[in-house]
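I opened the notebook to look up a few packing details. My entries follow the display.

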Amino acid sequence: MSEPEPRDGRLPEEAVTPSSAGPEPEVEPLLPEPVRQRVVALAASALPGLPFDEQPVPLRRVAKFAPNRRARLGGPAIAAQLAGDSLFRQRISARVIAEVGDLGAAVVDGICPAAADPVEVAALAYLARPVGWRELVEAAGEAVRAEADSAAIAGLVRDAEQRVARAEHDRAVARSEADKLRDELARVSAELGQLREELRVQGRQLREVQARERKATEMLATEKGRATRAAADHDAELRRVRARLAEAETAAGSARQSAKEARSVDDARLWLLLETIGQAAVGLRRELALEPTDRRPADYVAEAHGDQPGAASTARALDNDDPARLDQLLALPRAHLVVDGYNVTKRGYGDMSLEQQRKRLITGLGGIAAQTGDEVTVVFDGAERVHGLPPAPRGVRVLFSRKGETADELIRRLVRAEPSGRPVVVVSSDREVADGVRRHGAYPLGADALVRRLSRS
């Protein structure tokens with residue numbers, strides 16, 4: 001009958017093993033927790049290597065566990081069996097000693113290498129039971145406790161250093177505050193001295209006025225004139241303050257209006273982004289719709305491991321000048337097509353006049369906007385800007401760059417203004433424009449892709 005398993009997973013403190021020297025049982029030592037865990041791990045690793053008939057009955061089910069579960073779930077049963085079955089322990093120790101090599105041979109000979117892990121030495125000594133094995137186990141316990149004490153002392157040292165650092169910081173802050181207070185006290189003392197001096201002067205003047213009271217008529221007239229001028233200056237200052245207040249109110253109103261416009265722009269960008277995400281989700285659900293199938297995953301695994309030849313992939317990457325690539329991008333939800341006007345027209349209709357080039361491009365873009373429902377913006381350089389252009393087709397926005405600004409810069413500003421996540425397609429064969437908009441998340445395409453797309457329609 002096997003020994004009962006300990007409830008807490010530790011080796012029993014007073015378990016006994018049969019002794020060949022006499023009937024007195026040998027008291028099992030109380031192993032330190034790291035040593036106990038290492039003993040269980042070594043025994044669990046060697047357990048499946050024993051023949052089935054040599055495996056104790058309580059551990060035959062444990063031997064079938066996965067390696068990572070054997071020591072964790074079967075640890076209490078393995079520990080109890082090692083403590084109560086000396087024959088099982090000898091079989092396990094023989095396999096463990098053979099696996100660890102030189103260290104196991106040294107432990108069997110009663111030698112403890114100086115560079116060896118004391119926990120590993122104690123675990124091997126517990127299993128092999130050489131002469132003096134109890135001292136090795138006790139030494140391992142002392143080493144574990146010493147390591148725990150060292151860690152605790154290191155933690156206390158770190159806490160003390162942190163408290164010292166905080167004290168130094170607080171002292172520096174207090175010193176800085178004291179310096180500020182001393183400066184403030186000096187300034188207040190200087191102002192107090194000035195006020196006292198002014199008070200002495202006023203007192204002297206008052207005494208002089210009282211002494212010359214009978215001669216104060218002319219001085220009174222002078223003082224009245226001075227008071228009148230002071231009142232006038234006060235009124236003028238009041239008017240200036242009121243004027244500045246009116247200007248401040250006007251500026252505040254302008255700031256509120258600007259903030260309101262900025263919020264409106266942000267709200268429009270947020271709505272557009274949410275609308276784009278919503279339509280993208282609808283399109284994705286439509287794209288991922290799967291037909292019912294009567295095949296199972298195991299069928300595909302069987303095919304993958306069979307001798308049947310695999311089918312070669314026929315997919316190909318689309319070039320930046322391929323109109324099919326443009327159609328794919330315009331099929332994205334809420335896409336925005338931005339066109340570098342003269343860059344496209346001079347490649348596709350260079351033999352026409354500028355007016356005819358603009359008219360043909362804008363008309364073609366109107367057809368794309370009507371077919372796809374996407375937002376379309378075409379940008380021309382403002383140097384050749386003309387007035388009296390016919391109205392643009394529905395869904396097409398026509399922009400001219402301002403004086404001192406190129407169409408390339410206006411295109412980059414349009415891309416930066418879009419919310420992150422919205423598909424923006426920029427058509428231009430200018431490498432600098434393509435690189436600039438790509439860094440902001442847009443899809444650059446060559447002008448030939450749009451020319452070929454327009455010629456197709």
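Predicted model: local features only at pLDDT ≥ 70, side-chain atom pairs only at ≥ 80, totals over all residues.

**Entry: around valine 433**

I placed valine 433 in helix H15, which covers residues 431-439. Next I listed its contacts, leaving aside neighbours within four places in sequence. Valine 433 touches Asp408, Ile411, Arg412, Val426 and Ser428. I then checked one of these partners by C-alpha position. Isoleucine 411 is 22 residues away along the chain, yet its C-alpha atom is separated from that of valine 433 by 8.1 Å.

**Entry: the sheet**

I traced an open sheet of five strands. Its order reads E5-E4-E3-E6-E7, and the pairing is parallel. Which strands stand at the edges? I found E5 (396-400) and E7 (443-445) there. Each has a single partner strand, so one side of each lacks a neighbour in the sheet. Neighbouring strands are turned against each other by 20 degrees on average, direction ignored.

I followed one pair further. E4 (residues 375-380) and E5 are joined in the parallel sense over five bridges. Phenylalanine 380 stands opposite phenylalanine 400 in E5.

I also looked for a helix on the sheet. Helix H12 (residues 341-348) lies across E3 (336-340), E4 and E6 (424-427). H12 runs at about 65 degrees to E3.

**Entry: H13 against H16**

At what angle do H13 and H16 pack? I read about 75 degrees for H13 (residues 354-372) and H16 (residues 447-456), with the axes 10 Å apart. That angle makes H13 roughly perpendicular to H16. From H13, the residues that meet H16 are Leu361, Gly364, Leu365, Ile368 and Gln371. From H16, they are Leu450, Arg453 and Leu454. I sorted this contact by class: five nonpolar residues, two polar and one charged.

**Entry: nonpolar cores**

How many residues does the largest nonpolar core have? I noted 35, with Val39 and Tyr126 making the most contacts inside it. Helices H1 (33-46), H2 (57-63), H4 (75-84), H5 (86-100), H7 (118-128) and H8 (133-211) each give two or more residues. H7 gives the most, with eight residues.

I looked up valine 39 itself, again leaving aside neighbours within four places in sequence. Valine 39 is in contact with Leu31, Leu82, Ala123, Tyr126 and Leu127.

I logged a second, separate core of 25 residues, including Leu329, Leu361, Ile362 and Ile368. Leu361 and Ile368 had already come up in the H13 entry, where they meet H16.

How values were computed
Residues numbered from 1 in each chain as written. Heavy atoms only, no water. Axes fitted to C-alpha atoms, helices over the stretch in contact; angles between N-to-C directions. Helix = DSSP H or I, 4+ residues; strand = E, 2+ residues; numbered from the N terminus. Parallel < 35°, antiparallel > 145°, perpendicular 65-115°, else oblique. Contact = heavy atoms within 4.5 Å. Nonpolar A, V, L, I, M, F, W, Y, C, P; charged D, E, K, R; others polar. Core = buried A, V, L, I, M, F, W, Y, C linked by side-chain atoms within 4.5 Å. Buried < 20%, exposed > 50% of the residue type's maximum accessible area, 1.4 Å probe, protein only. Pairing = 2+ DSSP bridges.
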